[in-house]
Structure formats: C-alpha cells, structure tokens
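Subject: Structure for your review

Dear colleague,

Please find below the structure that I am handing over to you. My notes on how its chains meet follow directly after it.

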4 protein chains.
Amino acid sequence: MANSMELWFTELQNSNLSIGLRVNRTLHSEQTEFQSLDVVETVQYGRMLVLDGCVMTTDKDEFVYHEMLAHVGLHTHPEPKNVLVVGGGDGGVIREIVKHPAVERAVLAEIDGRVIDISREYFPQIAQGLNDPRVDVQVCDGIKHVQEHKGEYDVIYVDSTDPIGPAVGLFAKDFYQAVYDALKPDGLFVAQTESPFANQDLIRHVHRDVRDIFPHTYLYLAHIPTYPTGMWSFTMGSKQYNPLEPVASRVRDTKYYTTEVHKAAFALPPFVQELVQK
Amino acid sequence: MANSMELWFTELQNSNLSIGLRVNRTLHSEQTEFQSLDVVETVQYGRMLVLDGCVMTTDKDEFVYHEMLAHVGLHTHPEPKNVLVVGGGDGGVIREIVKHPAVERAVLAEIDGRVIDISREYFPQIAQGLNDPRVDVQVCDGIKHVQEHKGEYDVIYVDSTDPIGPAVGLFAKDFYQAVYDALKPDGLFVAQTESPFANQDLIRHVHRDVRDIFPHTYLYLAHIPTYPTGMWSFTMGSKQYNPLEPVASRVRDTKYYTTEVHKAAFALPPFVQELVQK
Amino acid sequence: MANSMELWFTELQNSNLSIGLRVNRTLHSEQTEFQSLDVVETVQYGRMLVLDGCVMTTDKDEFVYHEMLAHVGLHTHPEPKNVLVVGGGDGGVIREIVKHPAVERAVLAEIDGRVIDISREYFPQIAQGLNDPRVDVQVCDGIKHVQEHKGEYDVIYVDSTDPIGPAVGLFAKDFYQAVYDALKPDGLFVAQTESPFANQDLIRHVHRDVRDIFPHTYLYLAHIPTYPTGMWSFTMGSKQYNPLEPVASRVRDTKYYTTEVHKAAFALPPFVQELVQK
Amino acid sequence: MANSMELWFTELQNSNLSIGLRVNRTLHSEQTEFQSLDVVETVQYGRMLVLDGCVMTTDKDEFVYHEMLAHVGLHTHPEPKNVLVVGGGDGGVIREIVKHPAVERAVLAEIDGRVIDISREYFPQIAQGLNDPRVDVQVCDGIKHVQEHKGEYDVIYVDSTDPIGPAVGLFAKDFYQAVYDALKPDGLFVAQTESPFANQDLIRHVHRDVRDIFPHTYLYLAHIPTYPTGMWSFTMGSKQYNPLEPVASRVRDTKYYTTEVHKAAFALPPFVQELVQK
C-alpha cells in the first residue's frame with residue numbers, strides 16, 4: 001500500500017491552538033490589494049477559501065455559517081425588503097438571503113473584488129446567489145457605504161474576516177453607530193463575532209458597544225467545525241423586533257436552519273451569558 | 001523578546017483532520033494494562049488527559065461534556081436513585097451526578113484503575129466527586145457489570161473513549177441490550193456518540209441499534225472545543241421518560257447546563273436529523 | 001501586512017523525526033501502478049518530487065545527490081563505457097553520467113514510467129540528460145534487467161527509493177550478486193544507502209552483504225539537506241579499482257563534486273566506520 | 001496496540017523550513033535573564049537543550065559539534081596553552097578542550113549562568129569537563145571579556161546561538177577585531193557560522209569581515225542532523241598556523257574527529273567555495 005504525501009494546511013487560531021486539514025491540491029493563490037487569498041482542496045471539507053491564512057469557508061460546512069447568519073436575521077424581521085451585506089464576497093449569505101421572497105433588493109458591499117471573482121470561479125454553489133436580479137454587487141468600502149446610506153435598510157449583515165487587517169473597522173463602535181443610522185426605524189443587524197471559548201474579550205466589547213447603541217442586543221450560537229473551537233457566535237442589534245419570536249420559516253431545503261434551531265441558538269450556556277451580561 | 005519553544009500536542013482526529021494544542025510541559029506518561037495514558041499542561045486549556053493519543057478531558061472545557069452527559073439524563077428522570085457510569089474514570093460525570101440530592105448510589109465501573117488514580121492526582125477538581133459517600137468505585141469490566149445487574153439502575157451512562165481499543169464493546173448492540181436489561185422498568189441511558197460532522201456512520205448505527213431495543217431514542221448536541229469538529233453528540237435510550245420535558249433544574253453553579261440549554265440541545269439541524277431518521 | 005497561508009509538506013522520516021517544507025502550490029498528484037507520485041513547489045527548495053510521501057529530489061539540492069552518486073563511481077573507473085542505472089527515473093544521474101565523454105552507452109532501467117514522464121514535464125533541468133543519444137531508457141524491472149545481462153557493464157548505479165515498497169528487492173543480497181555478475185571483470189557499482197544517523201542497521205547489513213560478494217567495499221558520504229538527518233551514505237562494491245585514487249576530474253561546472261570532495265567523502269567519522277567494520 | 005500521544009517539538013528554522021522531533025517528556029522550562037531555556041527528552045536524540053526555541057544540543061548528536069569545534073582548532077595550533085570559549089555554557093566544547101594535555105587554562109565566558117546550571121543538572125556527560133581544575137568558568141559578557149584581555153589566548157572559540165537575540169554581537173566585525181587583539185601573535189579562533197544551504201549571506205559577510213582582519217581565513221564543514229539542513233559550517237581566522245596541516249591527533253575515543261576527517265572537512269563543494277571567495 002502506497003503512502004500518500006502529507007500535505008497539510010494549518011490555521012494557527014491563536015499562538016496556542018491550531019487546526020490542521022489535509023490538502024489534496026492547491027487551486028489558486030494570489031495577493032490581492034487587501035489580503036492574501038488562497039483556494040485549496042481539502043480531503044475532509046472539499047474546497048476551502050483562505051484569506052490571510054484563515055479559513056473563510058469550505059464546501060462541506062459553509063451551510064452552517066451562511067444559513068445561521070442569514071436566516072436568523074431575516075426570520076426576525078416581519079418584512080425584510082432592503083438588505084445589505086458588508087463583506088461576504090463569497091456570496092454565501094446572499095445565496096441564503098435571496099431565498100426570501102420578501103427581499104426586493106440585496107446589496108453586497110465587498111471591499112475586495114477578487115474575493116467575488118474567485119468565489120464565482122471556484123465556489124459556484126456558494127456564489128450562485130450573486131446572479132439573482134435583486135442583488136446589487138458593489139466593490140466598495142462597506143464602512144463608507146453604510147455611512148452614506150441613512151435609514152435605508154431593513155437588515156444589515158456584517159460578514160467579515162477576523163478583526164485583524166482589513167476587517168478591523170468592522171468591529172468598532174463608530175461602525176455600529178453608522179449601521180444603526182443606516183437602518184430603518186424597525187431595522188436590525190447581525191455580525192459574526194468569533195468564538196466564546198477563544199475570543200471572550202472581543203464578544204464582551206462588541207456586546208457592550210452594540211448595547212450602547214441598540215435598544216435590544218442578542219447573542220446566538222452555531223456549530224462551525226472549521227472555525228476555532230467549533231463554537232461560533234453572532235451578535236444581533238435590533239431596534240424593535242425580537243429574535244426569540246421568529247416568523248414561521250420561509251425557506252426550505254436548509255441543512256442547518258429550522259425554526260427550532262433558530263430558537264435554540266439563543267439558549268446560552270451560563271459561561272457565555274456571562275460574557276454579555278451588563 | 002525571547003521566542004518560546006514550539007512544543008505541540010496533535011490529535012489526528014482522522015487521517016485528514018487534526019487539532020493542535022501548544023504544550024507547556026508533560027506531567028505524566030505511562031502505558032497502563034489497557035492503553036497509553038498521558039497528562040500534559042496545555043496553554044489554551046490547562047491540564048489535559050490523553051488516552052491512546054486522544055484528548056479525553058481538559059481543565060478548561062471539561063465542564064461541557066460532564067454537565068451535558070450527566071444532567072440531561074438526570075433531569076429527564078423524576079427520581080434517579082441508582083446510577084451507573086460505565087467508563088468515566090476521571091470522575092467528572094460522577095462529580096455532576098452527586099450534585100443531585102435524589103441520587104442514593106452512584107457506581108463507577110471503570111476498567112482501567114490507572115485512569116482513576118491519575119485523575120485523583122492531576123485533576124482533583126474533576127475527580128473530587130469520587131469521594132462522595134454515595135459513590136461506589138469499582139475497577140472492573142463495565143460490560144460484565146452491566147450483564148450481571150438486572151433491573152437495578154434508574155440511569156446508566158456510557159462515558160467511553162472513541163470506539164477503538166478497549167471501548168469497542170461499548171458501541172455494540174449486545175451491550176445496549178444488556179444496558180436495557182440492567183435498567184429498571186422506567187430507566188434510561190445516555191452514551192457519548194461522537195461528532196455528527198465526522199462520525200456519521202457511527203451515529204446512524206448506534207441510533208438504529210438503540211431504537212431496536214428502547215421505545216424512545218434521542219440525540220442531543222453540545223459544543224466541545226477539544227473534540228473533533230467541536231460538535232458532539234449524545235444518544236439517549238429511554239423506557240418511559242421524555243427528555244424534551246425535563247424536570248426543573250436541581251443543580252446550581254453550572255457553566256453549561258440550564259433547563260433552556262437542555263431543551264435546546266435536542267433541536268437538531270436537518271443534516272443531523274437525517275442521521276437518526278428511520 | 002498580510003499573512004500567508006500555512007501550507008506544509010511533512011515527511012515523517014521515521015515515527016520520531018520529521019522535516020517540514022512550506023509549499024506554495026501543488027503541481028501534480030497521481031497514483032501510478034507502483035507508488036503515489038506528487039510534484040509540489042516548495043519555498044525553500046523549489047519544485048520537489050515526492051514518491052510514496054518521501055522527498056526524492058528538489059530543484060535546489062538535487063545536484064548533491066546526482067553528482068555524488070554519478071561522479072564518484074565514474075572517476076573511480078579509468079574507462080567507463082557501458083553504464084547502467086537501476087531506478088533513477090528522474091534522469092538526474094543520467095544527466096551527470098553523460099557529461100563523461102568515455103561513456104558510450106547509458107541504460108536507464110526504471111520500473112515506473114510515470115516517474116520519467118513527470119520528470120520530463122516538471123523537472124526539465126534534471127531530465128535533460130535522458131535525451132542524449134547514448135542513453136537507452138527502458139521502462140522495466142531493473143532486477144530482471146540485471147539478471148539478464150552478464151558481464152556487460154563497467155559501472156552500475158542503484159538509484160532507488162527507500163527500502164520499502166517497490167525498492168525492497170534493491171537492498172537484497174541476491175540482487176547484489178546479480179549486480180556483480182552483470183559487471184565486467186573490472187566493474188564496480190554504487191548504491192544509495194540512507195543515513196548513518198538514522199539507518200544504521202541498513203548500512204551494516206548492506207555492507208556485510210556487499211563485502212561477501214565484492215573484493216572491495218567502500219562507504220562514502222554527502223550532505224543532502226532534504227534527506228533525513230542531512231547526512232547521506234553511498235556504498236560502493238568494486239572488483240578492482242580503488243575510489244581513493246580517482247582519475248583526474250573529467251567534468252566541469254559541478255556544484256558539489258571536485259576531486260578533493262571525492263576523496264574527502266571517504267573520510268569516515270569513527271561512528272560511521274564502526275557500521276562498516278568487519 | 002495502543003497509540004502513543006503525538007507530542008512534537010518543532011524548530012521553525014526559517015519561515016519555510018522546519019524540523020520536528022517527537023518528545024517523550026519535558027524536563028525543565030524557564031525564562032532566564034537572557035533567553036527562554038527548555039530541556040526536553042526526544043525519542044530520536046535523547047535529551048535536548050533548547051534556547052529561544054532553537055535546538056542547541058542533544059545527547060545523541062552533540063559529539064559532532066563539540067568535537068569539530070574544539071579539535072580542529074586545537075590540532076591546528078602546535079602548543080595551545082590558553083584557550084577561551086565565548087558562550088558554550090553547556091560545557092561540551094570545554095569537555096573536548098580539556099582532553100588536550102597541552103592546555104593549561106581554559107576560560108569559559110558564558111553570559112547566561114542558567115545555561116551552565118541546567119547543563120550540569122540535565123546533561124552531566126556534556127558538562128563534565130567544567131569540573132576540570134584547568135577550567136575557569138566565568139559568568140560574564142564574553143564580548144567584554146575579549147575586549148579586556150589583549151594578546152592572552154592561543155585559541156578562542158565562539159560557541160554561540162544563532163545570530164539573533166543575545167548572540168548578535170558575536171557576529172559583528174568589531175567583535176572579530178577584539179578577538180584578534182585578544183589572541184597571541186600566533187593565535188587563531190574558530191566560530192560556528194550556520195548552514196551553507198540556509199544562511200549564505202551570513203557566511204559571506206562573516207568571511208569577508210574575518211578576512212579583513214586575519215591573514216588566513218578558512219571555512220570547514222560537519223554533518224549535524226539537528227541543525228538546519230544538516231550541513232554546518234565553522235569559520236577559522238588564523239594569524240599563522242594552517243589547519244590543512246594539522247598536528248597528529250592528541251585525542252582518543254572521539255566519535256567524529258580524526259585527522260582524516262579534520263582534513264576532509266576543508267574540502268568544500270564549489271557552491272560553498274563560492275560563498276567564501278574574494
């Protein structure tokens with residue numbers, strides 16, 4: 001029996017923790033204007049998009065992140081017509097958003113156009129939603145976009161990389177205020193906010209900042225195996241609607257989201273509750 | 001600034017997936033009669049118990065596994081008096097069990113006495129429950145113990161290593177039948193059953209086997225960062241009681257378990273439901 | 001500053017020792033009839049050929065192995081006309097052999113034709129010698145070839161992979177006898193024989209076997225950074241000529257071989273001498 | 001069969017190249033005033049001393065470095081009476097030096113006294129020479145010591161860590177001038193100067209600097225499996241004596257050094273010659 005080559009992608013999630021994924025082959029590598037971008041084919045999770053050395057998404061587990069980011073927000077809002085995604089250039093969140101018939105317009109504000117191009121080429125199943133006629137793809141600074149659109153959106157998503165490099169500004173209080181201002185009077189926003197096991201300070205600080213601005217703030221959880229510790233959090237700031245009382249599911253053929261999973265995601269273990277208590 | 005030594009523990013979770021943890025120092029290593037046993041001090045999760053190269057438990061995240069194994073079962077049963085733990089030599093599940101005042105007797109049937117000794121020495125916070133006067137620690141073959149005690153237990157736990165080596169027999173249908181027979185007419189059992197992302201065949205086969213024997217079968221989930229993929233499953237077989245209607249919480253000072261978390265753990269994403277459908 | 005992806009090739013040289021090389025991209029992977037074959041681009045050593053997970057050759061350090069295998073033997077023989085290479089499908093030894101004007105015919109007997117094809121495609125600088133009109137490339141079992149040609153060769157090279165898989169037979173005493181028989185009355189042979197730090201039993205056994213057959217047996221050393229421990233040995237069996245008295249150098253533009261390096265390679269540290277003493 | 005834990009020490013030799021050694025256990029770790037210091041037990045090479053994350057020495061291969069640093073210099077000088085070692089706190093070079101009956105006094109000038117203490121405790125076979133009555137162990141700044149002793153030494157060794165952190169000053173031209181001044185009119189010095197495969201710029205610059213100061217400059221090589229690439233270089237600056245004409249060996253029971261190995265070590269492959277040509 002022949003031995004295969006040992007070729008591994010490693011993400012050093014912090015200086016003391018790493019995940020390793022065996023790689024069959026590399027498909028693409030480049031340095032974009034904003035970050036390093038790689039596409040590799042892993043054995044365990046299929047194709048994987050890597051930005052600045054961190055796993056962004058994989059063929060096999062992308063459904064968790066994209067469904068749980070998109071559908072929890074959209075099922076909290078009774079009639080989401082105008083939606084904005086800041087970041088999210090792979091198109092996965094957009095793909096889930098356009099499953100909602102109520103949505104009339106979905107804007108993608110991605111700073112790095114190469115992420116969009118590469119996702120269309122190597123992850124067509126993820127990027128497919130970008131072709132929906134209601135989608136407006138803009139290669140632009142999402143922070144500026146938010147600042148320049150007041151009272152316009154029903155739901156805003158912050159689908160960012162980790163809070164280093166180009167995404168730092170997306171974890172700042174000023175930005176959350178701008179998001180508030182860009183939302184309609186009954187709007188809400190959702191941001192990915194890292195792991196409660198590994199990024200406790202970040203979750204605390206984001207929650208504090210959002211709570212200073214939005215009347216209602218929530219944290220919810222999902223299992224994402226390729227992200228550090230496998231436990232991932234999302235933070236929601238809402239002007240009016242309560243995510244614990246979602247509307248009936250408007251989507252079919254989901255692999256992670258259901259109304260029950262939606263509600264269950266807000267049942268926080270005490271060690272997580274503690275991070276978001278006043 | 002000085003560079004620290006790069007010393008890493010790696011668990012090859014399967015041939016394509018690994019987790020890495022930086023290690024400060026090793027505390028103990030031996031080959032017991034049954035398995036290799038190591039204790040190391042990791043930076044991220046504190047002390048870690050390793051059996052046959054696999055992470056068993058760590059100081060920092062052990063609470064999830066032990067609380068979610070013990071309390072879901074005990075809060076499903078209205079009056080659990082006699083409890084058995086097969087495996088579980090570190091004592092963590094026992095520590096949670098003895099928090100329940102209703103429990104009159106808790107038997108630990110661990111095949112490898114060295115696991116108990118080492119846990120008492122290196123993980124006193126985990127092993128502490130073993131000193132409770134209601135606890136009967138038996139170094140013995142848990143399978144035989146189950147076979148030799150008919151109709152005796154209210155709740156049985158299978159707190160095993162992965163289904164290789166000494167634990168293979170704990171994942172066999174014959175064993176589940178013996179567990180059924182060892183339970184009282186209203187008894188129930190809970191077993192750890194690996195990851196829905198990484199061990200789908202195992203979950204399917206365990207569920208099928210348990211369903212053939214028990215009238216009610218359930219799967220529930222928890223986030224355990226040091227186990228493969230971070231998403232861990234537990235299988236419950238129950239003769240009568242319904243875990244979706246737990247009794248009010250009898251425990252305080254938990255870090256993961258609450259009644260809400262208990263209920264939420266049974267909200268399965270469709271890709272997991274699929275594994276346990278008839 | 002953007003972080004690059006951490007993508008590493010690892011060769012587990014034995015269960016306790018490994019070398020890691022950062023990889024830019026994969027160029028080719030296949031399972032041939034005989035072994036797994038990969039070509040990757042490393043940052044440190046350029047393109048690398050990997051067979052059954054082991055480093056065979058790299059752009060940046062291949063010169064050491066190929067020069068030191070080919071030229072020591074050819075400078076030991078006063079008039080090498082007929083030369084055979086068993087294995088060596090990448091063509092590197094042949095490239096060095098055809099630098100010798102005395103050589104009239106060089107046969108390459110490589111069992112795996114895909115190694116030759118892939119080397120021509122991805123390592124043209126290494127494979128170039130295969131196009132020399134004096135070279136006869138045969139895709140065949142080198143052991144059979146040796147058995148079927150008696151008294152025909154002046155110099156025979158055994159350029160094999162490690163003594164596992166397809167190469168096992170190339171480290172057997174029967175094979176060395178066949179090599180003896182295939183040589184002319186003043187012929188000699190050279191084989192790569194692994195590391196004196198890591199493969200002491202192998203060197204001892206090969207040396208004993210060759211000494212039983214050939215009147216003169218020698219070991220010599222070279223520095224090869226991509227091979228385990230970096231110290232590599234070659235074993236020579238000679239019917240008549242003494243490698244410690246090489247002919248004047250017949251080659252130019254070498255990067256490792258000189259007459260002085262040739263002689264120095266036979267100065268064995270006592271811990272290596274010990275391996276080859278009677 | 002039980003699986004052992006995978007616990008590995010990795011030295012990232014540069015950002016593209018690493019060596020991995022399986023570790024049985026850690027023996028000591030501290031942050032000294034100057035550097036991080038660890039002692040671990042590896043399976044392949046026994047106990048290993050690690051400074052700032054880099055392999056310094058191991059039980060199984062230390063003999064190469066220590067013999068080849070000490071004996072080449074001492075066999076070049078006809079009557080070495082006063083010897084200085086800058087660095088070298090593990091005592092290995094001193095152990096070899098005191099094998100020479102001619103040596104009347106050997107000063108060890110090590111800046112980090114903890115290296116000496118730890119070596120005495122964990123590497124008694126290496127540190128043993130420090131107890132020789134001719135040895136004067138000084139915990140001090142070696143650079144100052146050299147500056148303050150003019151025309152005093154026959155042979156000076158620079159047994160340093162890599163040219164980062166505390167050892168930077170030991171690779172500077174000013175220091176080589178001070179070494180020149182501290183030597184008698186017929187003195188010589190030897191320094192470890194990294195790998196010709198991995199540190200070409202360093203070797204070039206050291207050679208140029210030494211050549212500007214000493215009338216005779218030489219480079220020689222040894223095989224050290226635990227150092228990057230396995231090929232290690234030493235630079236000698238000599239006021240008078242020629243290392244190519246060593247005195248007859250004065251030492252027995254060496255495992256690497258012999259007069260033949262001494263001479264052979266100066267036979268440089270052309271790619272190494274190129275680094276040290278004017």
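Please bear in mind that this is a predicted model. I begin with the interface of chain C and chain D, where eleven residue pairs are in polar contact, both residues of each pair being at pLDDT 80 or more. On the chain C side, at least two residues each come from strand 1 (6-14), strand 2 (17-31), helix 1 (62-74), strand 11 (216-223), helix 8 (259-264) and helix 9 (270-273). Strand 2 of chain C gives the most, with six residues. By class, the residues of chain C that touch chain D comprise 24 nonpolar, twelve polar and four charged. Salt bridges across this interface number zero.

The contact involves 40 residues from chain C and 40 residues from chain D. Together the two chains bury about 3000 Å², with 67% of that area on carbon and sulfur atoms. N16(C), F197(C) and H223(C) account for 22% of the area that chain C buries against chain D, more than any other three residues.

I turn next to chain B and chain A. Here 40 residues of chain B are in contact with 40 residues of chain A, and the two chains bury about 3000 Å² between them, 66% of it on carbon and sulfur atoms. The interface has zero salt bridges and eleven residue pairs in polar contact, both at pLDDT 80 or more. Strand 2 of chain B provides the largest share of the side that touches chain A, six residues. That side of chain B divides into 24 nonpolar, twelve polar and four charged residues.

Strand 2 (residues 17-31) of chain A and strand 2 of chain B are paired in the antiparallel sense over five bridges, and I19(A) stands opposite I19(B).

As to symmetry, chain B superposes on chain A by a rotation of 180° with 0.0 Å of shift along the axis (RMSD 0.0 Å). This is the relation of a two-fold axis. Of the interface residues of chain B, 100% are also interface residues in chain A, so the copies meet through the same surface.

Finally, no contact joins chain B and chain C, whose closest C-alpha atoms are 14 Å apart. Chain A and chain D likewise have no contact, with their closest C-alpha atoms 14 Å apart.

With kind regards

Notes: Residues are numbered from 1 along each chain as its sequence is written. Chains are lettered from A and ligands numbered from 1 in the order in which they are written. This is a predicted model: local features need pLDDT of at least 70, side-chain atom pairs count only at pLDDT 80 or more; totals for chains, interfaces and linings use all residues. Side-chain values use heavy atoms; hydrogens and water are left out. Contact means heavy atoms within 4.5 Å. Buried area is the accessible area (1.4 Å probe) that two parts lose on being put together, summed over both. A salt bridge is a side-chain nitrogen of Lys or Arg within 4 Å of a carboxyl oxygen of Asp or Glu. A polar contact is a pair of N or O atoms within 3.5 Å; within protein, one must be able to donate a hydrogen and the other to accept it, and residues adjacent in sequence count only if both atoms are side-chain atoms. Helices (H or I, at least four residues) and strands (E, at least two) are DSSP runs, numbered from the N terminus. Ala, Val, Leu, Ile, Met, Phe, Trp, Tyr, Cys and Pro count as nonpolar, Asp, Glu, Lys and Arg as charged, and the others, Gly among them, as polar. Copies are superposed by least squares on the C-alpha atoms of residues with pLDDT of at least 70 in both. Two strands pair if DSSP finds at least two bridges between them.
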